[in-house]
Amino acid sequence: MSVITVLALDGAPGHQLTAPGLAFATAARHHHPVAYEVRVCAGPGFRSTGGPAPFGVGTPWGMEGLDGADTVLLPGHEGYRAAPPPGVVDALRAAVARGARVGAVGTGTFTLAATGLLDGRRAATSRRHTRELARLHPRVDVDPEGSAVADGPFHSAAGVLGGVDLCLHLITLDHGESVAIETERQLFLHLHAEPGDADGTAPGAGAGGLARSGSGHAEGDCAKPGSRAAQGAAAEAAYNAVTPPGSSLEPVTRWMEAHLHHPLTLDDIAGRAGLGVRSLTRRFRAETGLTPLQYLLRTRIQHAQRLLERTDDPVERIAARSGLGTPANLRHHFQRATGTSPTVYRTAFRALVSDMTWPERPGEP
């Protein structure tokens with residue numbers, strides 16, 4: 001199990017402290033054998049600002065929580081222009097010396113830069129702080145875009161959605177792009193489940209600081225037809241089967257993903273895999289729980305979701321790019337898999353992104 005320590009310094013925004021637990025717990029919940037332990041550790045004099053809305057953040061760990069951590073995350077905090085609090089520099093240097101990686105969110109990059117560990121390296125912070133970071137720490141090569149930057153064991157980003165962008169970057173490094181993509185999707189599908197639609201489990205930290213995430217969907221007969229819970233359950237059932245890491249099917253599934261826009265047949269897939277149709281089907285069922293054509297359809301719908309989320313392509317173009325052919329065919333399969341239409345999905349996804357992106361305020365970390 002990988003241990004993620006979130007080092008909370010004085011005035012850290014609450015949403016930057018809770019986002020890592022939510023992101024890593026979501027990855028672990030939906031992907032076996034992914035496993036993370038998330039510790040929120042109080043640095044010297046810690047108090048949380050609460051962030052966009054006032055709420056308390058418990059920190060069961062102190063600085064000892066950095067011991068044995070595989071990753072140390074530095075959220076933004078007040079006083080980031082000043083020298084780090086006593087003990088923080090030594091703790092970070094010790095973590096790096098034993099092989100841990102360090103991630104910085106937003107103005108947390110200032111603290112990491114103040115240790116001297118970023119000298120001669122690339123790093124990122126929020127866009128409105130890039131010039132100031134470059135001025136205060138001229139030996140750091142500051143990326144002007146604020147997207148996730150990796151240089152050696154150091155990782156930094158602007159801190160979109162409280163640092164979810166950096167967490168997804170780290171999940172990609174740990175378990176691959178497909179796990180990160182599905183984690184991102186589950187975050188947006190389930191984070192805003194309506195009251196009464198969810199199973200009542202709230203995101204938080206379990207005993208000993210092990211992060212847990214609410215499922216965001218109802219169980220059994222509790223899910224009302226057409227509710228977000230039912231839609232989320234349908235989507236989860238459709239997409240949870242994935243090719244296991246190191247699977248013998250990985251070469252052929254990667255080829256399928258690269259040729260979604262072509263009219264692939266079962267014979268095409270079997271030929272690419274060098275297997276007979278029956279042998280191919282048995283292997284797919286054993287390793288993914290799906291037939292080859294079910295896997296192909298699921299992958300096409302996943303690709304359509306990514307295009308709806310990240311492009312302004314019309315439905316006609318998305319149907320062609322995903323290999324689903326016609327808008328009618330896209331709508332039919334998309335509705336069956338997710339419980340909603342492509343247009344509604346795109347609108348809802350972007351509304352959630354807007355809801356979760358808080359406007360920057362003067363002086364906010």
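**Reading the sheet**

Modeller: This is a predicted model.

Biologist: Which residue in β8 is the bridge partner of A150?

Modeller: The partner is H155. In general, strands of a sheet pair through backbone hydrogen bonds, in either a parallel or an antiparallel way.

Biologist: In what order do the strands of the open sheet lie?

Modeller: The order is β2-β1-β3-β4-β8-β7, 6 strands with mixed pairing. The edges are β2 (36-42) and β7 (149-151); each has a single partner strand, so one side of each lacks a neighbour in the sheet. On average, neighbouring strands are turned by 20° against each other, ignoring direction.

Biologist: Which strands does helix α1 touch?

Modeller: Helix α1 (residues 14-30) packs on the sheet through contacts with β1 (2-8), β2, β3 (71-74) and β4 (101-105). The direction of α1 makes about 170° with that of β2.

Biologist: And which strands does helix α5 touch?

Modeller: Helix α5 (residues 164-175) also packs on the sheet. Its contacts are with β2, β3, β4, β7 and β8, and its direction makes about 145° with that of β8.

Biologist: H169 lies in helix α5. Is H169 buried or exposed?

Modeller: The cut-off for buried is under 20% relative accessible area. H169 has 17%, so H169 counts as buried.

Biologist: Which residues is H169 in contact with, leaving aside neighbours within four places in sequence?

Modeller: Those residues are A148, A150 and H155.

How values were computed. Residues are numbered from 1 along each chain as its sequence is written. This is a predicted model: local features need pLDDT of at least 70, side-chain atom pairs count only at pLDDT 80 or more; totals for chains, interfaces and linings use all residues. Side-chain values use heavy atoms; hydrogens and water are left out. Two strands pair if DSSP finds at least two bridges between them. Helices (H or I, at least four residues) and strands (E, at least two) are DSSP runs, numbered from the N terminus. Axes are lines fitted to C-alpha atoms, for helices over the stretch in contact, and angles run from 0 to 180 degrees between N-to-C directions. Contact means heavy atoms within 4.5 Å. Buried means under 20% relative accessible area, exposed over 50%, partly exposed in between (1.4 Å probe, protein chains only).
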